[in-house]
Amino acid sequence: MRRYLLLDDNRALAENLAEILRDEGHQATVVSTGDEALRAVGATRFDALVTDMRMPGMSGADAVRCIRRVDPGIATVVMTAYPREDDLETARREGLLAVLPKPVPISTLMELLANARRDGLVVVAEDDPALSDNLSELLRARGFSCVTVSSALDADLLSCAMPFAALVDLRMPGGPDGEALRRLRARFPSLPTFVMTAWPDLAPLGEGVDVYSKPFDTGALMGALETAHAARPVSSP
């Protein structure tokens with residue numbers, strides 16, 4: 001049994017989703033405001049949050065940020081009828097499992113929630129959009145949440161509370177080789193890091209750093225991530 005928190009000012013929609021989840025044998029808590037969601041997260045350890053973006057009072061983006069400060073490990077799915085709204089980018093910087101359109105595709109949502117991993121946020125630092133998108137999709141298919149950066153300087157703009165691991169290109173715009181890696185490791189010293197590079201001889205070696213030479217086997221990389229996730233220290237309930 002898993003525990004889910006559903007945040008939406010459209011209570012009828014949230015209750016409908018909750019009923020579907022309960023029929024699957026899970027617990028589902030429905031709240032209508034960000035303040036209610038914060039109280040719920042403070043009292044219960046949820047596996048995932050499903051939130052609307054546009055709500056009265058605290059927006060979905062603000063709710064995600066505040067909830068992550070209370071429970072950094074919670075996986076988050078955002079629902080929105082406005083996929084281009086500015087607040088959505090704010091939420092993305094926190095690291096999301098997925099963004100789904102409204103009306104919500106129920107089968108897609110159920111599959112995402114079934115696979116969602118607590119403490120599974122991965123930073124993807126890669127300036128090649130095609131590779132970044134591919135890695136993001138592979139991660140989400142395995143239940144990992146994802147936040148992406150495309151330059152070394154962007155690494156300082158991450159607002160996510162605590163990533164579980166990072167996939168980092170060694171050569172990126174905004175700094176010398178390895179700058180994105182250096183900035184991430186300075187901010188998160190114990191962060192398991194998987195370096196992706198066409199110049200493996202330049203890759204720094206050290207504890208918690210694995211090197212994958214481009215082109216690399218994405219299946220092997222995903223397998224290594226899953227192994228690292230299984231071996232991580234589990235946060236207290």
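1. Start with β1 and β2. Strand β1 (residues 3–7) runs parallel to β2, and five bridges join the two. Leu 7 is placed opposite Val 31 of β2. Note that this is a predicted model.

2. The sheet around that pair is open. It has five strands in the order β2-β1-β3-β4-β5, and the pairing is parallel. Its edges are β2 (27–31) and β5 (98–101), each of which pairs on one side only. From one strand to the next, the twist averages 20°.

3. Two helices on this sheet deserve a look. Helix α3 (residues 60–70) packs on the sheet and touches β1, β3 (48–52) and β4 (75–80). The direction of α3 makes about 160° with that of β3. Helix α5 (residues 106–115) lies across β1, β3, β4 and β5. Relative to β5, helix α5 runs at about 165°.

4. Helix α5 also meets α1. The axes of α1 (residues 11–23) and α5 come within 12 Å, crossing at roughly 55°. That angle is why α1 counts as oblique to α5. The crossing of α1 and α5 is right-handed.

5. Which residues make the contact of α1 with α5? From α1 come Leu 17, Ile 20 and Leu 21. In α5 they meet Ile 106, Leu 109, Met 110 and Leu 113. By class, this contact of α1 with α5 holds seven nonpolar residues, with no polar and no charged ones.

6. Strand β9 (residues 193–197) pairs with β10 in the parallel sense, over five bridges. Val 195 has Val 211 of β10 as its bridge partner.

7. Helix α6 (residues 129–141) packs with helix α8 (residues 218–231) at an angle of about 45°. Their axes are 11 Å apart. The angle makes α6 oblique to α8. Where α6 passes α8, the crossing is right-handed.

8. What does the contact of α6 with α8 consist of, by class? There are six nonpolar and two polar residues, and no charged ones. On the α6 side stand Asn 134, Leu 135, Leu 138 and Leu 139. They meet Thr 218, Leu 221, Met 222 and Leu 225 in α8.

9. Last, the aromatic rings. A search of the whole structure finds three aromatic pairs. One of them is Phe 144 with Phe 164, whose ring centres are 6.0 Å apart. Their planes lie at 5°, so the pair is stacked. The cut-off for stacked is under 30 degrees.

10. Where in the chain do Phe 144 and Phe 164 sit? Phe 144 is in the loop between α6 and β7. Phe 164 is in the loop between β7 and β8.

Note on methods
Residues are numbered from 1 along each chain as its sequence is written. This is a predicted model: local features need pLDDT of at least 70, side-chain atom pairs count only at pLDDT 80 or more; totals for chains, interfaces and linings use all residues. Side-chain values use heavy atoms; hydrogens and water are left out. Two strands pair if DSSP finds at least two bridges between them. Helices (H or I, at least four residues) and strands (E, at least two) are DSSP runs, numbered from the N terminus. Axes are lines fitted to C-alpha atoms, for helices over the stretch in contact, and angles run from 0 to 180 degrees between N-to-C directions. Contact means heavy atoms within 4.5 Å. Angles under 35 degrees count as roughly parallel, over 145 as roughly antiparallel, 65 to 115 as roughly perpendicular and the rest as oblique. A crossing is left-handed if the near helix is turned anticlockwise from the far one by less than a right angle, and right-handed if clockwise. Ala, Val, Leu, Ile, Met, Phe, Trp, Tyr, Cys and Pro count as nonpolar, Asp, Glu, Lys and Arg as charged, and the others, Gly among them, as polar. Rings of Phe, Tyr and Trp (its six-membered ring) pair if their centres lie within 6.5 Å; planes under 30 degrees apart count as stacked, over 60 as edge-to-face and the rest as tilted.
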